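Here is a short report on one protein model. Keep the sequence and the 3D view open while reading.

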Amino acid sequence: MSTGCRTSTASNRETAERHGWTVVHEYTDNDKSAAKADVVRDDFEAMLRALRAGELADGTAVQGVVIVAEDRLARRPGDYERFVEAITYQDGRVFADARGMKDLYSEDTESMGLFGAVISKMEVRKMQRRMRRSHRMRAQQGLPVGGTRPFGWKPDRLTLDPNEAPLVRQAILDLISGRSLHSITNEWRRKGVRTSLGNEWLTSSVKVTVRNARVCGWREINGELVRDPAGNPVVGQWEPIVTPDQWMAVKNIFDARRGHYIYRDGRVGQILASDFREPNYLLTGFLRCGRAKPDGSLCNAPLRVTHHKDCVQHIYLCPTKTVGGCGGVGRRGDMVDLFISEAVLAKLEEVQLAASAEPVEWTGKAEYDDAKSRLEELRVQWTAGNVTNELFFSVAPELEKRIARLRTEAQNFTAATQRRQVRSATDIAEIRRRWYLPEEEGGLPLTIKRSYIREALLAVIIYPAGKGRRKFNPDLLEPIWREG
Ligand SMILES: [Zn+2]
């Protein structure tokens, strides 16, 4: 956390350090007589500029302000308003004086008393109103706030950018399908796509973009969705890029991941699973040798990729005995890739047909609605004086807890449903269409195809074809499908 600082005394630095913030710049203009209207306070103006921009001239991020109590932040009418306008230009700014950190969103007037040295209580209240209006109220009204232009929208922050929005949408759909952030980031970089500040994309910045509730029209402040009094997320006035269900599916993927690889069926893999470094071949890691050993058991060694000097195709081959295989099975890579691709596509179609036949509904809906209406009724009765404080405060927290739990349950259910149903018949047709196209022509990237394969099957056993060059026989490939 870095902050811009308002004075040169040691105490602001101590205050900042106490909160774990870093002082990135100190502004002083104590010597200027700011009460005179015609004096331009250079440092004050510079600080406002830094706050609006969110960074210093050298690009260092500014995320808040520390002032010392004896210093006077605002000395002329209008100063404090301009200061508030500047500090609230972005979300999540921090503020502290020598007495400690202040909550800019607090309803408590006294917590804002820091400005009180020069600003009357009335002015403080006006400022608070403005502060809340510029943030939470804007959020409640579904209005966009200031700051960096969000990638995907035009500078008005409402209308979709015709070039950027489809990228974000495709990235989200791809993530749901199991594509890695890494692969998406590489694609954006390859295409020369830049962030709204003109920088190169990093996996971290792509993640922030797709993970932001804004993409589905919702809004978060400090990681919490902004909700209306009934508990429903406030819908922003900007055009959404994806549906709330799709956003929740992506959010769940990241929430569950925490540094682990998540398979499409929900299994959590090792940190940086082998697929993190993307293999160059469709079936690397899936193929197993099916040659019988003298004792009758299968060799089962994972096949490797090799190339033969008079063959343009890659070859899947059982490694030699010295590295754990039998060296007795090899097969033309292009033919194996083709037949397994067809088998997996057929499986996706089959699963989609089966899924579309079963209706899905969350079973907790009645309980959720019931708890919400009971809480509402309790509030009404309490407000009317028909319920004692004791009863209200013993029952209301329980109900609130239950509502929160059910809400999470509902979201998880929706996300799970989304993951299951993300592929309609149209989606599957699209997957099939893109499967064999080169990536430059809109074909599916290898990682995506591999994630579909991983979702459908555990392994493919390749049985020996006998000596010599034989006609390719698909019956000697045995896919081991996942259950369910
Ligand atoms: Zn073998």
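## Surface and fold

The chain has an accessible surface of about 25,800 Å². Carbon and sulfur atoms account for 52% of that area. The model is predicted. Its chain has 484 residues, and 42% of them count as buried.

The chain holds 13 helices and 13 strands. Take the contacts between residues at least 6 apart in sequence: 59% of these join residues at least 24 apart.

## Confidence

Mean pLDDT for the chain is 76. A value of 70 or more is reached by 70% of the residues. Strand β8 has the highest confidence, at a mean of 93. Strand β1 (residues 2-5) has the lowest, at a mean of 51.

Two stretches call for care. Residues 5-9 have pLDDT below 50, with 28 contacts in the model beyond near neighbours in sequence. Residues 258-278 also have pLDDT below 50, with 38 such contacts.

## Zinc site

Which protein atoms are the donors of the zinc ion? They are the SG atoms of Cys289, Cys299, Cys318 and Cys326, lying 2.2 to 2.4 Å from the ion. Along the chain, the donors follow the spacing C-x9-C-x18-C-x7-C.

Cys289 lies in strand β8 (residues 287-289). Cys318 lies in the loop between β10 (314-317) and β11 (330-332). The two are 29 residues apart, so this pair links distant parts of the chain. Both Cys289 and Cys318 are buried.

The 4 donor atoms subtend angles of 105 to 113° around the zinc ion, so the arrangement is tetrahedral. For four tetrahedral donors, the ideal angle at a metal is 109.5 degrees.

Methods
Residues numbered from 1 in each chain as written. Predicted model: local features only at pLDDT ≥ 70, side-chain atom pairs only at ≥ 80, totals over all residues. Heavy atoms only, no water. Donors = N, O, S within 2.8 Å, 3.2 Å for Na, K, Ca; no water. Tetrahedral: all angles 85-135°; square planar, octahedral: opposite > 155°, others 65-115°. Helix = DSSP H or I, 4+ residues; strand = E, 2+ residues; numbered from the N terminus. Buried < 20%, exposed > 50% of the residue type's maximum accessible area, 1.4 Å probe, protein only. pLDDT = per-residue confidence, 0-100. Contact = heavy atoms within 4.5 Å. Areas by Shrake-Rupley, 256 points an atom, 1.4 Å probe, with all protein chains shown as cover.
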